[in-house]
Amino acid sequence: PGPRVPATKGPFALFARTCSRRNGTTCGTVPCVGKMAAMMDQFTTFIGDNVRFSQEDFAILGLNMLGCLVVYYLMRALKVPDHSWYLTLYSSGVTSFFGVYFFYHVCKDGFTSVLDNEVDLTRYVAIFFIGYCIMDLSLGSLHYGSLVTYDDGWSHHFLYIVILAYLLHNNMTPLFSVALVEELPIILLSFFSVQNKQRPSLLFGVLYFLTRVVFHTVLIYKARQFSDFVFVAGLALLLWHVEVFQGWVRGYLMRSHQRQRLSFKSKLGIMSAMLFTQIAAHSYVTYNTVVDVLAKNTNTSNPVAALHVLVWLYFLYRFGEVVHDVYTQNFIMTSIGRKKIIYNISWEDPAIDHSVMHMTPDDVVLTISSAGCNVLDYLCEGPKKIIAVDMNLAQLHTLELKLAGIRCLTQQQFFAMWGRSDFGVFTEVYKSKLRPLLAPETAEFWDQNTNLFRDNFMYAGTSGLMAKLLCMPLWWSGVAKRVKNREPITGSGGIFFQLALKMCSMTSLWSLFAPLGGVPLEQLNLLSRNPEVFVERLIEVLTTRIWKPDNYFYYGYIVGEFSPEVCPRYLEKANFALMKQRVDRVKVFHGTWAQAAEEEGPGSITIASLLDSMDWMPPQMIAENIGKVVANMDKAKGRIFWRSFADRVHSPVLAHLKGVLVPTYDRVGWYLTQFITPVSAFQPYDPSMLECVGTDSKPTNSFIDDVAVMAAMAKQGLSSKKDVKAFYKKQGSRYDGFREQLLPGRDLLMQHCVPWVKKPKTWISVGCGTARDLEYVTGHVKASGTKVYLVDLSDALLDMARARVIELGLQTQVVLVEGDINSPDVRKKLPKQADLVTCSYCLTMIPPWSEALQTMLGLVKVGGNLALIDFVTRDGAAKQWKQKLYKAWFALDGVYFNRGHVDWLKSQPNLETVWYSEEESRVPYTPYYPTHYLYCAEKTA
């Protein structure tokens with residue numbers, strides 16, 4: 001490339017020398033100025049000796065930054081839709097062109113030849129990309145700041161600037177130029193994104209994988225011989241690329257439920273080929289690297305080789321996570337979309353249902369079909385009508401075949417089919433008797449799935465496969481024979497039985513087996529805070545429950561068939577004639593149970609047996625569905641029954657139903673809790689309030705805005721005098737954007753923990769801040785006509801609250817009160833008692849907190865609610881170093897974690913806890929996950 005002019009002869013050095021001369025001339029007699037001039041000279045010398053940038057380099061950087069400026073404003077003048085993608089399109093277009101050029105030379109001349117030969121062009125391209133990064137951050141901060149995130153914007157761009165500065169300094173820019181072929185998927189993405197069009201997902205994913213995963217892996221191992229720094233930085237980038245690839249895989253497979261351009265099997269084949277290719281490529285380059293390192297036979301050869309093997313193992317683990325993620329996130333929905341049976345038998349003990357439902361001939365029952373076992377068990381009780389609902393057509397087809405069998409088969413034929421999976425009987429009766437009674441779609445399903453009976457229906461579906469896998473250790477231990485003979489296990493049960501117990505206690509295996517059993521990951525996560533409870537239950541099931549004489553659930557799976565003595569009630573000879581008489585009382589419905597309830601109409605349903613279907617639903621979905629069911633239930637006779645994997649009510653929406661825990665011992669044992677509630681028990685209850693929504697507004701900050709807020713917080717924390725008013729006033733409009741991330745869970749508190757179904761008429765919000773809480777429930781406040789009192793100490797925050805109230809159109813319903821909630825003068829401005837009092841992330845900032853709590857409790861009328869959310873040390877973990885760190889760190893900002901807050905609330909005799917939960921969430925820009933609690937209680941006296 002020729003000689004380069006050092007920085008001592010460039011513009012930076014000129015600036016440094018000018019400053020030095022000015023200082024010396026102006027204050028030459030002052031010793032400190034002389035020292036400063038000497039330090040500047042030393043720094044300038046260091047830059048000149050170590051930084052190899054020429055005036056030409058700076059000129060190219062400046063020209064490209066100017067080019068970015070021109071491109072951005074030109075495209076904006078042309079009104080191209082998404083301006084946040086302008087510079088990315090420009091940069092990826094230029095770099096992709098050169099990337100293809102250098103990739104051609106790699107293919108032609110080899111990696112080593114290209115990587116070892118820096119030319120002016122490779123330096124220019126590197127400088128070009130630095131200019132793009134600088135201008136994207138600069139223009140982004142001005143025009144699309146909220147889109148330039150910390151992870152994908154500032155961190156990404158600064159990392160590239162540092163890497164490129166290193167490569168320029170060491171004349172190693174060919175490494176970057178060869179890597180530019182990785183920009184190909186980005187030009188595709190930006191081309192469609194800049195027009196607000198949907199990108200071609202498969203093409204993008206394949207390009208991304210080939211360039212940014214496979215090629216990148218090979219490149220960084222080739223670059224290792226030139227620089228360890230580049231190799232390590234390349235590994236960091238590879239990790240980020242794998243995360244992006246994982247997100248694409250998850251999204252692409254999930255979209256398979258809506259798009260049919262490629263079959264799911266084809267997509268799965270593509271994913272498998274990709275994973276195999278990457279594992280093979282990484283294994284190959286790692287093997288060559290380890291061989292090369294060991295051949296040097298130095299003192300560090302073995303540790304370095306071991307380190308490379310560990311890196312390979314880590315990335316193998318990461319791709320294992322990709323597979324696991326695809327499996328857990330897609331398996332159940334894919335099975336439903338492909339009309340595959342998940343449940344071959346229903347895994348809910350109907351005996352428990354009957355012990356609390358007390359079904360009568362006048363009842364109309366809404367339930368979930370599953371495999372149809374419990375639907376037919378209910379039929380034995382003789383209700384007026386049963387609506388069997390399922391989103392999976394395969395499950396409904398199973399129930400419909402059973403109903404057809406009840407209509408036209410003898411009891412012996414029916415038992416042979418469903419009790420023993422007798423393929424001979426199935427073949428004999430299917431076409432002649434059963435098929436004519438089936439709907440066309442159901443008949444088509446069974447025409448294509450006769451193998452389910454041939455291969456034993458007891459192990460059909462994904463839950464059957466799971467049972468088969470889990471039963472293997474029991475079969476090997478001889479347990480099957482004991483179960484069949486109803487002989488209890490003696491002693492330790494043998495090595496394989498102990499293996500089965502060990503497998504049940506390994507929580508890491510749960511996520512592997514759960515989707516097979518139709519257990520979504522969200523449902524499994526209900527056990528995350530106390531998995532040991534479920535471990536104890538599983539061990540108790542294996543050692544006790546499966547040996548119960550009438551436990552057909554485990555008998556069928558372990559033995560492989562039912563017996564006349566051990567089987568579901570619908571297979572018992574004594575009930576078959578009754579079912580024949582009542583078979584037409586079953587209505588099959590494809591959809592959700594909320595849709596089925598709406599179709600039946602108001603007041604029509606007396607029993608809603610919802611199984612465990614709400615375990616995997618987010619609160620909003622539970623609210624929407626429960627609201628529609630309650631709206632169509634008989635208010636006097638109606639009762640709702642549900643099960644859960646959780647060891648308590650798992651959703652605040654369900655907590656307001658005031659369900660009673662059913663303590664009855666069930667034969668399955670998988671569900672830790674079961675609840676029953678009469679509709680009359682949770683009145684007043686207006687289900688239409690569950691359909692109310694807040695605004696779509698979500699305050700966002702740019703990274704620069706967040707830095708400004710964090711600087712204010714640091715200044716406040718280090719200040720000896722805490723001026724709260726000045727602290728908030730300085731943050732202005734940035735306040736909400738930063739705290740949207742810092743203070744999580746407020747939407748859950750306001751929308752679902754607070755019982756809007758009671759339509760509160762007065763609400764006092766203590767420490768209201770900018771009235772952000774009001775945006776979460778704007779629709780609720782308007783629908784219930786609630787009078788709202790917003791109380792805060794800060795006039796600056798109340799000014800923002802006032803503007804928000806006007807914007808929401810709630811000025812006639814809202815009163816703003818400035819001052820301390822403990823002040824008698826403030827309390828005079830408030831109603832003597834209110835239906836609802838809330839406090840969001842404020843109590844930890846009130847030193848006399850017990851007085852504040854007593855005041856808030858006094859403001860709640862009997863039958864009203866007190867609801868709070870705030871930080872706290874995690875229950876049972878106060879002595880952990882992390883909890884102590886969070887407590888001390890937040891205290892610097894005037895936020896004091898105190899377990900005493902929660903203890904005080906739970907100790908009040910006139911407060912009945914409706915909902916209490918603790919969750920962890922990340923503090924922005926840190927690895928910290930402090931705990932916050934949500935609390936809602938009803939005042940009883």
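The model described here is predicted. Glu 938 has a relative accessible area of 17%, so this residue is buried.

Glu 938 takes part in a salt bridge with Lys 758, and the closest N and O atoms are 3.4 Å apart. Lys 758 is partly exposed, because its relative accessibility is 29%.

## Lys 759 and its loop

Lys 759 is located in the loop between helix 35 (746–753) and strand 8 (762–766). Its phi is positive, about 50 degrees, although the residue is not a glycine. With a relative accessible area of 29%, Lys 759 is partly exposed.

The partner of Lys 759 in a salt bridge is Asp 686, with 3.7 Å between the closest N and O atoms. This pair links distant parts of the chain, 73 residues apart: Asp 686 sits in the loop between strand 7 and helix 32, and Lys 759 in the loop between helix 35 and strand 8.

Pro 684 is also placed in the loop between strand 7 (673–678) and helix 32 (703–718). The peptide bond that joins Gln 683 to Pro 684 is cis, with omega about 0 degrees.

## Other salt bridges

The structure holds 34 salt bridges. One of them is formed by the side chains of Glu 918 and Arg 899, at 2.7 Å from N to O. Glu 918 is in strand 13 (residues 911–920) and Arg 899 in helix 42 (residues 899–907), so that the pair links distant parts of the chain, 19 residues apart. Glu 918 is buried, with a relative accessible area of 8%. Arg 899 counts as buried as well, at 19% relative accessibility.

## Ser 840

Ser 840 is part of strand 11 (residues 834–840). Its relative accessibility of 12% is under 20%, which means that Ser 840 counts as buried.

Leaving out residues up to four places away in sequence, Ser 840 touches Arg 746, Leu 749, Val 766, Gly 767, Asp 773 and Ile 869. With Asp 773 there is also a polar contact between the side chains, at 2.5 Å.

A nonpolar patch on the surface is formed by Leu 63, Leu 66, Leu 69, Val 70, Tyr 73, Leu 74 and Leu 78, which together have about 680 Å² of accessible area. Leu 74 is found in helix 3. The relative accessible area of Leu 74 is 49%, so the residue is classed as partly exposed.

Lys 79 lies in the loop between helix 3 (55–77) and helix 4 (86–109). Lys 79 has a positive phi of about 60 degrees and is not a glycine. Its relative accessible area of 72% is over 50%, and Lys 79 is therefore exposed.

Terms used:
Residues are numbered from 1 along each chain as its sequence is written. This is a predicted model: local features need pLDDT of at least 70, side-chain atom pairs count only at pLDDT 80 or more; totals for chains, interfaces and linings use all residues. Side-chain values use heavy atoms; hydrogens and water are left out. Helices (H or I, at least four residues) and strands (E, at least two) are DSSP runs, numbered from the N terminus. Buried means under 20% relative accessible area, exposed over 50%, partly exposed in between (1.4 Å probe, protein chains only). A polar contact is a pair of N or O atoms within 3.5 Å; within protein, one must be able to donate a hydrogen and the other to accept it, and residues adjacent in sequence count only if both atoms are side-chain atoms. Contact means heavy atoms within 4.5 Å. Patches are made of residues with over 30% relative accessible area and no salt bridge: like charges are joined within 9 Å, nonpolar side chains (Val, Leu, Ile, Met, Phe, Trp, Tyr) within 5 Å. Accessible areas come from the Shrake-Rupley method with a 1.4 Å probe; for residues, only the protein chains shown count as cover. A salt bridge is a side-chain nitrogen of Lys or Arg within 4 Å of a carboxyl oxygen of Asp or Glu.
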